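Colleague: Could you take me through one part of this model closely, beginning with a single side chain and its polar partners, and then turning to the charged pairs?

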Amino acid sequence: MLNCGNFHSFIMSFKKYLSVIVFCFSIGIISAQQSKNFIQYVNPFVGTKNMGHTFPGATRPFGMVQLSPETDAQAYVVDGKYNPNAYAYCAGYQYNDTTIVGFSHTHFSGTGHSDLGDFLVMPMVGELLLNPGMSSSPETGYRSRFSHKEEKAEPNYYQVYLSDYKINAELTSSTRVGFHRYTFPKTDSANIVLDLMSGIYNFDEKNVWTFVRVENDTLVTGYRQTQGWARTRTVYFALSFSKPFSLYGHKKYDEQVYRGFWRKFDETKNFPEMAGRQLRAYFQFETEETEEILLKFALSSTSTSGALKNLETEIPHWNFDKIKKEGQLEWNHELAKIDIETINVADKETFYTALYHSFLSPIEYMDVDGAYKGLDGNIHYAKDFTNYTIFSLWDTYRALHPLFNLIQPGRNKDMMESLLAHYDQSVHPMLPVWSHYANENWCMIGYHSVSVLADALIKDVLKPESYQRALSASAQTANTDYYDGIELYKKLGFVPDDKNTSSVSKTLEYAYDDWCITQMAEKLNDSSIAQEFGKRALSYQNVFNKARISMAPRLENGEWRKEFDKLSTHGQGFIEGNAWNYSLYLPQSPEKLIALMGGKKAFELHLDSLFTQHLDDKYFEQTEDITRDGIIGLYVHGNEPGHHIPFLYNWTNAPWKTQARVRMIMESMYSNSNDGLCGNDDAGQMSAWYIFNALGFYPVAPGSDRYAIGSPLVKTAKISFENGNKLQIYVRNQNRENVYIQNIELNGKKINRLYLTHNELTQGGILEFKMGSKPNKDLGSSD
């Protein structure tokens with residue numbers, strides 16, 4: 001008699017063997033086109049343990065669908081209060097969990113707040129259960145146990161064996177369609193649950209309305225409207241089954257006072273319309289042993305007809321392996337933009353995983369015909385650009401968008417047009433602060449759209465016909481008096497702490513953004529705007545307390561706040577940071593910062609103290625975005641405000657300390673394991689920092705064309721630019737001990753300065769670093 005467990009193991013091994021054969025064939029195609037297989041170095045599980053907040057599921061580069069497992073369902077609110085356990089599930093998946101609740105189609109990558117988790121699908125067999133159950137007793141609901149030994153993730157592919165049901169689940173995707181393949185055991189009670197209540201950062205009132213139509217026995221359409229981080233978000237879907245279902249139904253979990261004349265029907269079973277605020281549906285089948293049921297699940301922001309058009313255009317067939325292979329070829333093409341060699345394989349895996357995470361968002365947000373829902377709630381058509389959403393700008397202006405200006409300028413050009421379309425549709429009108437799914441959610445501070453627009457304009461990535469439009473939109477945004485202290489900032493030259501939270505951080509970030517507007521205005525010869533914002537850009541001076549040698553909060557009457565703790569990250573006038581970190585936030589003018597703080601030697605010693613002192617847990621225990629994992633001394637790499645700080649040594653007489661610091665950060669804060677991120681990846685910013693630094697340079701001040709020199713981690717790198725040029729980077733004498741640059745040559749000419757320009761990089765050629773174990777203290781002496 002055949003042992004069922006052994007039979008399952010044989011089937012799984014055979015399918016994996018076939019998968020390897022298919023994949024090797026695809027690599028042959030890759031080899032002919034691009035000569036290398038880069039996706040083998042991507043580990044989508046990196047950052048899924050602890051607070052990286054990444055997801056391991058299937059998606060295309062910048063794809064609208066992120067089809068990924070949820071390992072628990074933590075409510076955002078418990079007993080009327082915020083549930084801190086929800087924070088761990090910003091992306092739906094935690095590596096330490098042992099159950100899977102289901103597979104949903106929308107996810108953020110790496111964010112520190114959340115939403116989405118739309119349209120959760122879960123296959124099951126046996127008694128129909130329409131609640132998810134508890135992780136401690138999964139048999140009470142439709143969730144299933146699983147093991148990492150029977151789980152696999154690659155770019156555009158995820159697989160897991162649901163052990164409670166003996167179902168093998170596989171996921172892949174096109175840009176707008178999630179593709180599921182479930183291999184069932186023999187049963188007369190196979191069910192596929194569609195949970196329309198489930199969501200990330202969920203709470204009882206989040207679902208505003210849900211509507212479903214069963215068009216026939218293989219096609220279901222509908223939509224869900226939610227209010228959460230995005231307060232008016234509607235997502236439409238079209239769901240197609242490869243096999244007709246024999247029975248279907250749903251259960252409502254909300255009390256409806258008014259039912260009208262729908263009460264004449266039994267809506268719970270085989271009734272082709274489902275409507276309510278909270279409902280779960282199911283679709284039932286009979287299956288033979290190892291029978292596959294496939295689902296295609298298309299999304300749209302405009303309508304169910306838009307979702308159907310997306311489905312029919314992108315996946316008009318049922319060939320799962322074809323879609324998987326096409327997606328992996330697409331990923332390989334994107335990853336091939338930077339071809340590196342490293343000291344060891346682990347470094348290469350860390351690099352390409354970071355590059356993969358950098359290419360997850362912003363996401364395409366329009367139907368195949370260019371239709372999308374705009375900020376005004378109306379349907380718009382993207383003309384001559386691809387519309388994008390998910391702009392985590394407080395994070396991504398620092399390195400992610402500058403990275404796109406180097407290696408994804410075509411996409412970033414369209415992203416800039418998306419920002420400007422948002423402005424055109426804004427009632428305020430304002431550029432986005434933090435936007436997703438046709439909503440402004442107002443998260444974080446500053447108006448950093450102007451930074452990414454300025455960086456694109458200065459580097460000639462922005463469309464020339466949009467230059468003046470970008471400048472006008474930036475100036476208008478910065479003059480929206482009712483936004484977050486702007487009126488008093490303009491009047492007083494700083495945001496007063498007794499009138500507005502995070503006052504010092506806002507003053508400093510507004511000053512930086514105003515500097516960015518000045519750069520745009522100067523390039524466009526607009527002297528009026530340049531003068532206005534050039535003056536505002538000096539506002540950082542107004543929150544520098546000379547007595548404390550620190551940025552510090554001031555009151556509306558001009559006095560300094562008396563009770564002030566420079567170490568605390570909570571309630572001191574700073575956001576997700578403290579005075580030690582934010583006192584170094586002057587990326588646009590490090591020379592002026594050094595002068596404020598007593599000159600080069602005093603500043604160097606101050607930086608040394610930052611990296612060597614100890615920060616007790618009590619100083620950040622109330623800031624969930626900062627954890628011990630991301631802290632070195634008082635320096636917080638696990639959050640964004642200090643990402644430029646290691647490079648500030650370049651403006652002192654000890655630039656070699658930058659080289660030592662960035663290599664130490666790359667070695668200690670990143671890895672190729674599931675806990676390989678020291679904090680939230682923040683929509684790719686943390687990963688983009690690593691990409692730049694592994695190559696040896698970093699954009700300290702986006703809006704400038706300069707990149708500060710760090711210390712490269714790669715042995716070689718070839719960057720292929722969209723203009724057809726290639727930059728070959730060679731790092732001589734590279735090893736773990738040789739972290740110090742001895743000299744730098746660009747196209748055979750020695751350069752004795754501590755920066756490279758955007759044009760120098762994109763014109764291509766050969767960039768050479770010679771490394772050593774001791775610093776060259778003369779490097780940069782002529783800068």
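**A serine and the salt bridges**

The side chain of Ser583 reaches the backbone nitrogen of Met551 at 2.9 Å, and a second polar contact, of 3.1 Å, joins this side chain to that of Ser550. A polar contact here is a pair of N or O atoms within 3.5 Å; within protein, one must be able to donate a hydrogen and the other to accept it, and residues adjacent in sequence count only if both atoms are side-chain atoms. The model is a predicted one, in which local features need pLDDT of at least 70 and side-chain atom pairs count only at pLDDT 80 or more, while totals for chains, interfaces and linings use all residues. Residues are numbered from 1 along each chain as its sequence is written, and side-chain values use heavy atoms, with hydrogens and water left out.

Ser583 lies in the loop between helix H13 (579-582) and helix H14 (590-596), where helices are DSSP runs of H or I of at least four residues and strands are runs of E of at least two, numbered from the N terminus. With a relative accessibility of 2%, Ser583 counts as buried (buried means under 20% relative accessible area, exposed over 50%, and partly exposed in between, with a 1.4 Å probe and protein chains only). Apart from neighbours within four places in sequence, Ser583 is in contact (heavy atoms within 4.5 Å) with Ser550, Met551, Leu593 and Met597.

As for the charged pairs, the whole structure holds 47 salt bridges, each being a side-chain nitrogen of Lys or Arg within 4 Å of a carboxyl oxygen of Asp or Glu. One of them joins Asp608 and Lys657, with an N to O distance of 2.9 Å; this pair links distant parts of the chain, since Asp608 is in helix H15 (residues 600-612) and Lys657 is in helix H16 (residues 656-669), 49 residues apart. Both Asp608 and Lys657 are buried.

Helix H16 also carries Glu667, whose salt bridge with Arg736 has its closest N and O atoms 3.1 Å apart. Arg736 is in the loop between strand S34 (726-732) and strand S35 (740-746), 69 residues from Glu667. Here Glu667 is partly exposed, at 35% relative accessible area, and Arg736 is also partly exposed, at 29%.

Salt bridges that share partners join Arg176, Glu314, Glu334, Lys337, Glu364, Arg411 and Glu722 into one network. Within it, the side chains of Glu334 and Lys337 meet at 3.9 Å, N to O; Glu334 is buried at 6%, and Lys337 is buried at 10%.
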